[in-house]
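This briefing goes through one structure by topic. Keep the sequence and the 3D view open while reading.

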Amino acid sequence: MIRGENLSKRYDSAIALAPTDIHIAAGKITAIMGGSGSGKTTLLRLLSGLIKPTTGHIWYGDEDLSTISDKRLYELRESMGMLFQYSALLNSLNVYDNVAFPLHEHTDLDESVIRTMVSMKLEQVGLRGFEHLMPSELSGGMAKRVAFARAIAMDPKIVFFDEPTSGLDPISAGVITTLIKDTSKMNRMTSIVVTHDVEAGLAIADHVILMWQGSIIAEGNPEVIQESSDERVRQFLEGRPDGPIPFSRSTTSYVDDLTYRPGTVRLEV
Ligand SMILES: Nc1ncnc2c1ncn2[C@@H]1O[C@H](COP(=O)(O)OP(=O)(O)OP(=O)(O)O)[C@@H](O)[C@H]1O
């Protein structure tokens, strides 16, 4: 369904994503995992057309997301849903209007139809009856559920989830994880989930992509990943603070930094 070809992203001197080929299967859940700064969000943003690649193409069928017009991209977005890390609810709108927002924005449906659709989505996330609440009156878990209902309001074919469980207690995180899994299966939705939650990622994904320093270092079904003997994969899965993925990101010598005097040359390590 979605294919990235020679896809890369560079910010000034930083390479957020090294040239990468990627294939996202239709109707499946793909989990993108990896340490902080490994390029997960960059890859998600590229695949959803939120940012343009430095090199390469993103194919949706025979359309290249990196070169299509803004108008066509807007049309394609009608078949995409997004759930961002911080829920990104519109603070001045209540729960009903937040969930109805994409329906108002992209359709001419009668308000009575929209009302029914919003009720169905809120029922699905267990929040029917909370339509009148404002975002400031919601717990973090409730806000994520509202954001989830909004992401699926248009019955999208593809949904992008960026850290959907971050900052949630284990029960709320479990609720969101289950919602992603059940909704994806039920609607045959293509779900792309960026997550730090190794356990949840391996539990719900059909396909796992593991990233390190802007590159994909392993991919496959959860069993393949779990059985990998790659030291970087093992360190990530076992949550070891140091190993081939270093704890320190510093590129200069610590001793040199402590003894540095202006006018002398700093050594790179
Ligand atoms: N807008 C930007 N400008 C400059 N550098 C950026 C920008 N966005 C990302 N980067 C850099 O690109 C690299 C990858 O960032 P990215 O956010 O994709 O990582 P990530 O794996 O999602 O990290 P995290 O899990 O901490 O969110 C990082 O080194 C980051 O500093």
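**Briefing: helices, core and ligand shell**

Helix H6 (residues 170–187) is followed by Arg188, whose phi is positive, near 50°. The model is predicted, and its chain averages a pLDDT of 90.

**Confidence**

- In the chain, 94% of the residues score a pLDDT of at least 70.
- Confidence is highest in strand S8, at a mean of 97, and lowest in helix H10 (residues 254–258), at 73.
- For the complex, the predictor gives a pTM of 0.86 and an ipTM of 0.96.

**The nonpolar core**

- The largest nonpolar core contains 62 residues, and Ile32, Val146 and Phe148 have the most contacts inside it.
- Helix H5 (residues 140–151) supplies the largest share of this core, with seven residues.
- Leaving aside residues up to four places away in sequence, Phe148 touches Leu83, Val125, Ile176 and Leu179.
- As a general background point, nonpolar side chains in soluble globular proteins tend to be buried together.

**Helix H6**

- H6 has 18 residues, which at 1.5 Å a residue should span 26 Å; the end C-alpha atoms are 25 Å apart, so the two values agree.
- The buried residues of H6 are Ala173, Val175, Ile176, Thr177, Leu179, Ile180, Thr183 and Ser184.
- Two of these, Ile176 and Leu179, are also touched by Phe148.

**Around the ligand**

- Which residues surround the ligand? They are Tyr11, Ala14, Ala16, Gly34, Ser36, Gly37, Ser38, Gly39, Lys40, Thr41 and Thr42.
- Strand S2 (14–24) and helix H1 (40–47) are the elements that each give two or more residues to this shell.
- H1 gives the most, with three residues.
- By class, the shell has seven polar, three nonpolar and one charged residues.

**Helix H1**

- H1 is mostly covered, with seven of its eight residues buried.
- Those buried residues are Lys40, Thr42, Leu43, Leu44, Arg45, Leu46 and Leu47.
- Just after H1, Gly49 has a positive phi of about 80°.

Methods: Residues numbered from 1 in each chain as written. Core = buried A, V, L, I, M, F, W, Y, C linked by C-beta atoms within 7 Å. Buried ≥ 20, exposed ≤ 12 C-beta atoms within 10 Å, placed from the backbone. Helix = DSSP H or I, 4+ residues; strand = E, 2+ residues; numbered from the N terminus. Contact = placed C-beta atoms within 7 Å. Expected span 1.5 Å × (residues − 1). Near = placed C-beta within 6 Å. Nonpolar A, V, L, I, M, F, W, Y, C, P; charged D, E, K, R; others polar. pLDDT = per-residue confidence, 0-100.
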